[in-house]
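Me: I have a model open and would like to talk it through with you. Could we go step by step, starting with the strands?

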Amino acid sequence: MLEYIGFLHTQEKICNEKVYWKCSESKKLKCKGRVHVVNENIVKFIEHNNHVPNASKVEVKKAISHLKEISSQYTLSTHAVIGEMS
């Protein structure tokens, strides 16, 4: 996932060196928001036309990603992994 200005995006395709990301709400809300990236630099941003950024959703995704990273690196119990998040 890619987070840009508060919006979450999923990878859509790769063509040559350009990576195309679409809004994670593209199916649910029919959002046209896109980000085009070349060599880790954003070269184009297409506005999200029908919703606002969701900061809480971004934070939840980051927390889940962090939990997955911790649990894959260590052989800790569930309680210990959650304790690492606190």
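This is a predicted model: local features need pLDDT of at least 70, side-chain atom pairs count only at pLDDT 80 or more; totals for chains, interfaces and linings use all residues.

**Strand pairing and ring contacts**

Me: Which residue takes a positive phi in the hairpin of E4 and E5?

Reply: E4 and E5 run antiparallel and are joined by 5 bridges. The hairpin they form has 2 residues between the strands. The residue there with a positive phi, near 50°, is asparagine 39.

Me: Which residue in E5 is the bridge partner of histidine 36?

Reply: Strand E5 covers residues 41–46 and pairs with E4 in antiparallel fashion. Within E5, the partner that bridges to histidine 36 is lysine 44.

Me: And on the E3 side, which residue in E4 is the bridge partner of lysine 22?

Reply: Strand E3, residues 18–23, runs antiparallel to E4, and 5 bridges join them. The E4 residue bridged to lysine 22 is arginine 34.

Me: How many of the 5 residues of strand E4 are buried?

Reply: Buried here means under 20% relative accessible area. Strand E4, residues 34–38, is largely enclosed by the rest of the structure, because the number of its 5 residues that are buried is 4.

Me: What is the angle between the planes of tyrosine 4 and phenylalanine 45?

Reply: The count of aromatic pairs comes to 1. Tyrosine 4 and phenylalanine 45 form this pair, 5.3 Å centre to centre. Planes over 60 degrees apart count as edge-to-face, and this pair is edge-to-face with an angle of 65°.

Me: How many residues apart in sequence are the parts that this pair ties together?

Reply: Tyrosine 4 lies in strand E1, residues 2–4, while phenylalanine 45 lies in strand E5.

Me: Which ring does the charged end of lysine 13 sit over?

Reply: The charged end of lysine 13 is 4.9 Å from the centre of that ring. The ring belongs to tyrosine 20.

Methods. Residues are numbered from 1 along each chain as its sequence is written. Side-chain values use heavy atoms; hydrogens and water are left out. Buried means under 20% relative accessible area, exposed over 50%, partly exposed in between (1.4 Å probe, protein chains only). Two strands pair if DSSP finds at least two bridges between them. Rings of Phe, Tyr and Trp (its six-membered ring) pair if their centres lie within 6.5 Å; planes under 30 degrees apart count as stacked, over 60 as edge-to-face and the rest as tilted. A charge sits over a ring if NZ of Lys or CZ of Arg is within 6 Å of the ring centre and within 35 degrees of the ring normal.
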